[in-house]
Amino acid sequence: METGRTTRRQVLTAIGMVGGSAALYQAMTTMGHASETQFAGPPKLSGARTGASVVVLGAGLAGMLAAYELSKAGYKVRILEYQARAGGRNWSLYGGDTYTELGGATQKIGFAQGHYLNPGPWRIPHHHRTLLHYCKQFGVALEPFIQFNHSCYVHSSDAFGGKPVRYREAAADFEGNVAELLGKAIDQKSLDKELSQEDREKLMEALRDWGMLDKDMRYKTNLLSSEHRGYERPPGGGVDGAPIPSQIFNVHDVLNSNIWRNMAFFMNHEMQTTMFQPVGGMGMIGQAFARQVQPMITHNAKVSKINQDKSGVTVTYSDTGTGTVSQAKADFCVCTIPLGVLNQIENNLSPAKKSAVAAVPYSNSVKIGLQMARRFWEEDDYIYGGHSFTSQDIALVSYPNYHLFKDGPGVLLGAFASGAGAYRLAGMTPEQRIEAALAQGSVFHPGTYRKEFQNGASVAWSRVPWTLGCCARWNEETRKTHYQTLVAVDDRVVLAGEHASYVGCWMEGALLSSLDAITRLHKRALEA
Amino acid sequence: MAKVTRAAWTAILMLAATPVLAQAPAAGDTAGSAPTKTPPPITGAQVYTQVCQACHMADAKGGSGAAIIPALAKNPRLAEPGYPVGMVLQGRGAMPALGDLLDPAQIASVVTYIRTHFGNNYRKPVTEAEVKLMAGQ
């Protein structure tokens with residue numbers, strides 16, 4: 001080892017020694033490893049004091065992971081959960097389920113066996129390593145989620161006369177036009193200052209190849225452009241084997257279609273392929289976590305008070321069925337209750353912590369599942385998974401990634417609304433939402449959409465009784481003022497969940513937050 | 001434990017000078033579509049139906065689950081118009097700040113509407129100018 005040559009492992013070991021795991025992570029990132037996650041493996045907690053106890057509030061993924069790891073470390077753990085079901089926002093609705101939203105509207109789900117709606121999370125980025133780690137450990141079978149499908153439609157009321165076009169057509173025309181225009185800018189010597197002669201020539205070659213331009217650097221209706229955007233008559237065999245090119249679109253329509261938004265969307269780190277989903281519905285993850293901690297969970301427990309003092313934490317809760325009021329006492333508390341709910345629970349957390357809890361609003365979102373009698377999107381439109389985008393309130397129609405090519409029904413995601421569109425849909429009755437989803441979704445599949453519709457279900461997150469919203473929405477200002485206060489251990493209580501992370505609104509954020517929270521709480525417990 | 005060479009220590013010192021990775025605000029999972037082009041609501045009744053009703057319900061009686069969505073019907077806190085205007089602009093707890101979604105004219109319309117409907121009878125309209133003042137515009 002004293003030869004003067006330093007191995008990467010030596011350096012990393014040294015960094016781990018002086019700087020701990022955070023420095024090690026930073027170093028690994030700099031050296032080109034592990035750049036996609038902060039997950040460094042499950043926490044190595046051990047040596048809990050004999051008899052030390054933790055009460056966990058909420059049996060969502062953050063709460064159940066905290067309970068699992070803390071009990072492994074030797075703590076006596078108890079979980080209080082408001083719902084009769086564990087999993088929290090990790091949730092699938094199946095045929096036979098009943099869902100009652102705030103305000104009392106009740107839906108009896110009518111999906112055929114094996115079909116489902118994921119009201120909350122529905123796709124998993126390949127770099128969400130914490131979630132993928134525990135899925136593997138807890139035996140959750142995963143399958144690919146078809147994220148990017150060039151055959152899906154793009155619709156805007158302002159483009160192509162309000163008619164949907166295929167993603168590949170609009171995207172190819174956008175790129176072709178940009179390539180041609182940039183080529184003209186180079187021709188007109190507009191980029192002579194920025195680029196050397198040699199680089200200009202290289203860029204011209206790149207633009208020609210990437211944009212499918214002809215020898216004159218023009219994007220035109222021909223077999224070149226059709227290779228990206230598709231053909232009027234695709235290549236075939238025999239007498240009529242020769243392809244006929246498709247007509248390129250007017251550039252004004254291409255710009256108006258907002259196709260660049262959809263193109264840029266797929267470039268986001270969290271939206272890049274490969275993505276995954278559990279076989280049988282996202283709720284399989286919550287069920288798998290619950291199998292690890294089920295004996296610790298008290299269901300139907302509505303927390304009304306959290307009080308900590310020198311001797312421990314006392315949580316007052318009532319049974320939502322019987323109304324019986326009870327208390328749970330423990331040395332420490334991991335609270336994963338969504339902030340909008342926690343804000344209404346009496347507590348003696350520090351004033352700064354209370355301000356932080358009150359300061360972070362929640363987003364709204366609406367998902368609608370529509371069961372269709374047959375998979376017409378596959379049979380008639382050659383669409384296998386992926387999303388058709390629209391400028392209407394429903395935002396998209398997404399096609400199922402399971403049971404492909406099967407006869408019989410399929411369940412589409414008929415809306416994934418946010419912002420103004422989600423408020424509008426959320427304010428409707430469940431029946432009105434289905435009607436709106438059918439009316440708007442018909443733009444992609446006129447003639448078949450309503451005809452094949454069998455039944456549907458909707459979840460408006462602003463009316464979900466146990467969250468009063470979808471996810472915590474931080475901004476730069478609230479992050480600066482409140483984030484560190486929110487995540488800090490407050491004597492015996494620590495908060496965890498997607499709201500206590502920078503991976504907000506993702507299951508990964510909930511899990512990373514949970515691991516960080518219990519690691520700090522364990523340290524605090526050993527110091528006590 | 002492995003011995004640490006001088007080169008390794010040099011590497012550590014260099015890394016210590018590396019700034020912490022900048023955090024980009026995460027957007028969460030979204031549809032990836034262009035914002036909705038449905039025409040925005042204008043009158044107080046329209047704004048109520050298309051925004052407020054999502055949580056406060058069509059009858060303005062709110063709801064109750066793990067926590068409460070307060071009723072706006074027969075709500076004495078609406079007597080002072082600054083209270084509802086402030087809540088709509090800034091939000092609090094589960095109530096989202098809607099100052100980005102709604103303009104001052106829409107907020108004035110809907111607060112006036114709520115204060116004169118659902119068993120509330122506070123006749124004096126809230127003006128766009130008053131909302132702008134509260135929004136610091």
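Guide: Two strands count as paired when DSSP finds at least two bridges between them. Helices (H or I, at least four residues) and strands (E, at least two) are DSSP runs numbered from the N terminus. Residues are numbered from 1 along each chain as its sequence is written, while chains are lettered from A and ligands numbered from 1 in the order in which they are written. This is a predicted model, in which local features need pLDDT of at least 70, side-chain atom pairs count only at pLDDT 80 or more, and totals for chains, interfaces and linings use all residues.

Visitor: Which residue of strand 24 of chain A stands opposite A:Lys367?

Guide: Strand 20 of chain A is joined to strand 24 (residues 453-460) of chain A by seven bridges, and the two run antiparallel. Within strand 24 of chain A, the residue opposite A:Lys367 is A:Val459.

Visitor: Which residue of strand 23 of chain A stands opposite A:Ile368?

Guide: Strand 20 of chain A also pairs with strand 23 (residues 410-418) of chain A, antiparallel and over eight bridges. Opposite A:Ile368 in that strand is A:Ala415.

Visitor: How many of the residues of strand 20 of chain A are buried?

Guide: A residue is buried if 20 or more other C-beta atoms, placed from the backbone, lie within 10 Å of its own, exposed if 12 or fewer do, and partly exposed in between. In a regular strand the side chains alternate between the two faces of the sheet. Here both faces are covered, with A:Ser365, A:Lys367, A:Gly369 and A:Gln371 buried on one side and A:Val366, A:Ile368, A:Leu370 and A:Met372 on the other. Strand 20 (residues 365-372) of chain A is therefore largely enclosed by the rest of the structure, its buried residues being eight of the eight.

Visitor: In the open sheet of three strands in chain A, what is the strand order?

Guide: Strand 7 (124-125) and strand 8 (142-145) of chain A are the edge strands, each pairing on one side only. Two bridges join strand 7 of chain A to strand 13 (residues 275-278) of chain A, with A:Ile124 opposite A:Phe276. The pairing in this sheet is antiparallel, and the order is 7-13-8.

Visitor: What arc do the buried residues of helix 14 of chain A cover around the axis?

Guide: Helix 14 (residues 430-441) of chain A buries A:Arg433, A:Ile434, A:Ala436, A:Ala437, A:Gln440 and A:Gly441. These lie on the same side of the helix, because their arc, taken from the directions from the helix axis to the C-beta atoms, is only 160°. The face turned away carries the exposed residues A:Glu431 and A:Gln432.

Visitor: Over which residues of chain B is the pLDDT below 50?

Guide: pLDDT is the predictor's confidence in each residue, from 0 to 100. Chain B averages 84, and 80% of the residues score at least 70. Where pLDDT is low, the predicted coordinates should not be read in detail. In chain B the pLDDT is below 50 over residues 1-26.

Note on methods. Contact = placed C-beta atoms within 7 Å.
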